[in-house]
Amino acid sequence: METKRLTGGEKVAYGLGAVGKDMMYMFSASYVLYYFQDVIGVSAVAMGIILLVARVFDAFNDPIMGIIVAKTKTRWGKFRPWLLIGTITNGVLLIIMFSCPPDLSAGGLIAYAAVTYIMWGVTYTMMDVPYWSMIPAFTKAGKEREGLSALARSCAGVGSALISIVTVMAVKFLGGTTDSGATNEVLGYQRFAIIVAAVFVVFTVIMCIVIKEKSNVEMKTATVGEMFKALFKNDQALTIVVSIVCINIALYITSNLVIYFFKYDFSPAQWESNYTIFNIAGGGFQIIAMMILFPIFRKFMNTIKIFYVSFFMAMAGYIVLLGLAFTGMDNVYLLLIPAFLIMSAIGMLNVVVTVFLANTCDYGELKNHRRDESVIFSMQTFVVKLASGLAAFIASLVLSIFSITQDAEGADTTDVVYQRASDASCMGLRMCMTIIPIIILIIGLIVFKAKYKLTDEKLDEITKELDARHAAEGTAQESAEV
């Protein structure tokens, strides 16, 4: 039966699913380290190990979940049941994770963080895999499918940006203040987690009601072994994957550490409002770059040049951020300059690497006589999760080495939330949240420059050779049938 064209309502519903899904992911990815380490008091090193192990486990869990979904057969289809089950259980676990009893023993806190975070990752995968895999179940191949994928990625960016913008101020509003006048972050994070989980569930339910999938759609899945086999047979895909890892490690190191920069270095007394201003600008810059800046740049230069420009923009942004941090200035609006450079660059890089991955599929088909499109794009999710785990581990080591904690100053005042960290701690934090990302980006740039060779001219050659091969294969098949 032919799939009908998507209605406007179906596009909106699928986009809402992406908004809710990435609100959930960004809330956990950006604030779970801060919550357990700074609010609850779990050891920074312990949290780093937990986050790294959980993300590695979760990355390997993706293909397993893909196989389970592919084998599912129900009257409601194979995707929607797992979307609902995964969303509801993931929402419940988010609330439990951000409701940690602060009076547990040190070992109890570590165990609570480990169990809830790992289970949260498992249930998130339970709904994330069918969400992206169900696109062929209700779209036509070609522009409609590509357009919906682009819409979903953009809506996911909106969900991530919303969390970055509102979380700290929402926690402050929902938590109220303690007797000392500080924000009650324990209560604030618990209440905000309930709101995020509720929005997530509502948006997914709307999507599942509106979207009607074909019950007989086939779903291709790839094992971890198949992903790595396809990757190492395709040197261009491997090059892009290395670049993706470097981009995401740099970004997640910064996103994990910048909250500590505002709270313990830049503006302890007004850190919540200043951090929110910084994130509003950063999230806006990233979305604008993906939707407006990239198309403008594309009129004047090819994607490879945009890639280089974006890399140099990001590195320039980190250098400006480092310079501003060492001037001792307290004007948050000056920090919007590096925010624009870094987040605009990240937004364009996210678009460019997706284009590059698609190009490597053509290259792989020509080289290996098989098209590993689904496998290559599965690897993108796999390595992003690994990168976020590595970044969280690096960030936790920085916090531990430089003693970035709520009582870093050791002051007697009860308003410890307004105390600046020691000069040595501040200096270490500033350097690590800027210089480490710069080094990682340089590594990615060196690998890309040395190995990537899919220029527009080369891609034209590949397209012509593939067209000729397909034509020859079609002729041979027709002759065989005759």
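Modeller: We'll take the overall fold, then some helices, then the charged side chains. Keep in mind that this is a predicted model.

Colleague: How many helices and strands does the protein chain have?

Modeller: The protein chain has 14 helices and zero strands. From the N terminus on, the order of elements is α-α-α-α-α-α-α-α-α-α-α-α-α-α.

Colleague: And what share of the residues counts as buried?

Modeller: 53% of the 482 residues in the protein chain.

Colleague: Pick a helix. What span should α6 have, and what does the model give?

Modeller: Helix α6 covers residues 185–210, which is 26 residues.

Colleague: Which residues of α6 are buried?

Modeller: Among them are Tyr189, Phe192, Phe200 and Met207. Glu185 of α6 is buried as well, and Cys208 too.

Colleague: Now α11. How far does that helix reach?

Modeller: Helix α11, residues 336–368, reaches 46 Å from its first C-alpha to its last. For its 33 residues, 48 Å is expected at 1.5 Å a residue, so the value is close.

Colleague: Is α11 mostly covered or mostly open?

Modeller: Mostly covered. Of the 33 residues in α11, 24 are buried.

Colleague: What comes just after α11?

Modeller: Histidine 369, with a positive phi of about 60°.

Colleague: Switching to charges. How many salt bridges does the structure hold?

Modeller: Seven salt bridges. Side chains of opposite charge can pair when their charged atoms come close.

Colleague: Which partners does lysine 21 have?

Modeller: One is aspartate 22, with the closest N and O atoms 3.0 Å apart. Another is aspartate 128, where the closest N and O atoms are also 3.0 Å apart. Lysine 21 lies in helix α1 (residues 8–40) and aspartate 128 in helix α4 (residues 106–133), so this pair ties together parts that are 107 residues apart in sequence.

Colleague: What about lysine 172 and glutamate 272?

Modeller: Their side chains meet in a salt bridge, 3.4 Å from N to O. Lysine 172 sits in helix α5 (residues 143–175) and glutamate 272 in helix α9 (residues 271–300), so the pair ties together parts that are 100 residues apart in sequence. Glutamate 272 is buried, with a relative accessible area of 9%. Lysine 172 is partly exposed, at 39%.

Colleague: Which residues are joined into one network by shared partners?

Modeller: Lys21, Asp22 and Asp128.

Colleague: Last topic, the surface. Where is there a patch of negative charge?

Modeller: At Asp456, Glu457, Asp460, Glu461 and Glu465, which gather in a patch on the surface.

Colleague: Which helix holds glutamate 465?

Modeller: Helix α14, residues 456–481.

Colleague: Why does glutamate 465 count as partly exposed?

Modeller: Because its relative accessibility is 43%. Partly exposed lies between the buried limit, under 20%, and the exposed limit, over 50%.

Definitions and conventions. Residues numbered from 1 in each chain as written. Predicted model: local features only at pLDDT ≥ 70, side-chain atom pairs only at ≥ 80, totals over all residues. Heavy atoms only, no water. Patch = residues over 30% accessible without salt bridge, like charges linked within 9 Å, V, L, I, M, F, W, Y side chains within 5 Å. Areas by Shrake-Rupley, 256 points an atom, 1.4 Å probe, with all protein chains shown as cover. Salt bridge = Lys/Arg side-chain N within 4 Å of Asp/Glu carboxyl O. Lys, Arg positive; Asp, Glu negative; His and termini not counted. Charge placed at Lys NZ, Arg CZ, Asp CG, Glu CD. Helix = DSSP H or I, 4+ residues; strand = E, 2+ residues; numbered from the N terminus. Buried < 20%, exposed > 50% of the residue type's maximum accessible area, 1.4 Å probe, protein only.
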